[in-house]
Amino acid sequence: MQPYEPAVHLANATGLSTFSAGPDPTFTEQAETYLLYLATRKRKPVHASTLISWESCINRWLNPAIGHLHLSQITHATIKPLIEAMADSGLRPTSIDAHFRLFRRIVDSCLNEDGEPIFKRRWNYDFLDLPVVNPRTMNRPCFGEETVSGLASWRFPREGMIFTLAAAS
């Protein structure tokens with residue numbers, strides 16, 4: 001993919017939305033169009049570091065597995081091996097879930113002239129065998145007792161209170 005520079009609005013001559021790479025683009029084409037749109041939209045533009053992270057996910061996992069497929073060809077059966085490959089490689093459930101959410105957003109971003117998704121899907125998580133994200137098993141680092149005590153005795157009382165409340169939650 002190319003670096004994020006101001007995008008030229010795409011495919012107005014065909015009557016398609018500027019969000020779509022064509023009437024039935026490949027996944028790779030739609031992913032590029034979607035990331036360019038996210039980088040240049042006026043309403044809640046996505047931060048460059050987020051785009052770089054998503055581009056990495058697309059290049060590492062999504063494009064090699066399904067990038068050549070047209071969006072109309074993408075089904076549960078084409079995605080299930082990708083999810084199995086991510087799980088087999090040791091990715092945590094939260095990472096697999098984040099990659100799948102990005103995939104869904106890209107597919108749903110292909111819109112018709114009325115702004116409706118062309119390839120609306122209802123995904124069956126049980127069939128896909130998506131791992132369940134358990135918040136109790138997530139890697140959530142926490143501060144030790146000495147660190148919290150040091151933050152609580154911060155030289156500015158207001159900030160010390162904030163640190164204490166944050167550590168207690």
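At what angle do helix 6 and helix 7 pack, and how far apart are their axes? In this predicted model, helix 6 covers residues 145-152 and helix 7 covers residues 157-168, and the two pack at an angle of about 150°, with 7 Å between their axes. That angle makes helix 6 roughly antiparallel to helix 7, since anything over 145 degrees falls into that class.

So who's touching whom? From helix 6 come Val148, Leu151 and Ala152, and they meet Gly160, Phe163, Thr164 and Ala167 from helix 7. Sorted by class, this contact holds five nonpolar residues and two polar ones, with no charged residues.

Elsewhere in the chain, Ala77 sits in helix 3, which spans residues 76-88. Is Ala77 buried or exposed? Its relative accessible area comes to 54%, so Ala77 counts as exposed, the cut-off being over 50%.

Cys57 has a relative accessible area of 6%, so Cys57 is buried. Cys110 is buried too, with a relative accessibility of 0%. How many disulfides does the model have? The count is zero, with a disulfide taken as a pair of cysteine sulfur atoms within 2.5 Å.

Note on methods
Residues numbered from 1 in each chain as written. Predicted model: local features only at pLDDT ≥ 70, side-chain atom pairs only at ≥ 80, totals over all residues. Heavy atoms only, no water. Axes fitted to C-alpha atoms, helices over the stretch in contact; angles between N-to-C directions. Helix = DSSP H or I, 4+ residues; strand = E, 2+ residues; numbered from the N terminus. Parallel < 35°, antiparallel > 145°, perpendicular 65-115°, else oblique. Contact = heavy atoms within 4.5 Å. Nonpolar A, V, L, I, M, F, W, Y, C, P; charged D, E, K, R; others polar. Buried < 20%, exposed > 50% of the residue type's maximum accessible area, 1.4 Å probe, protein only.
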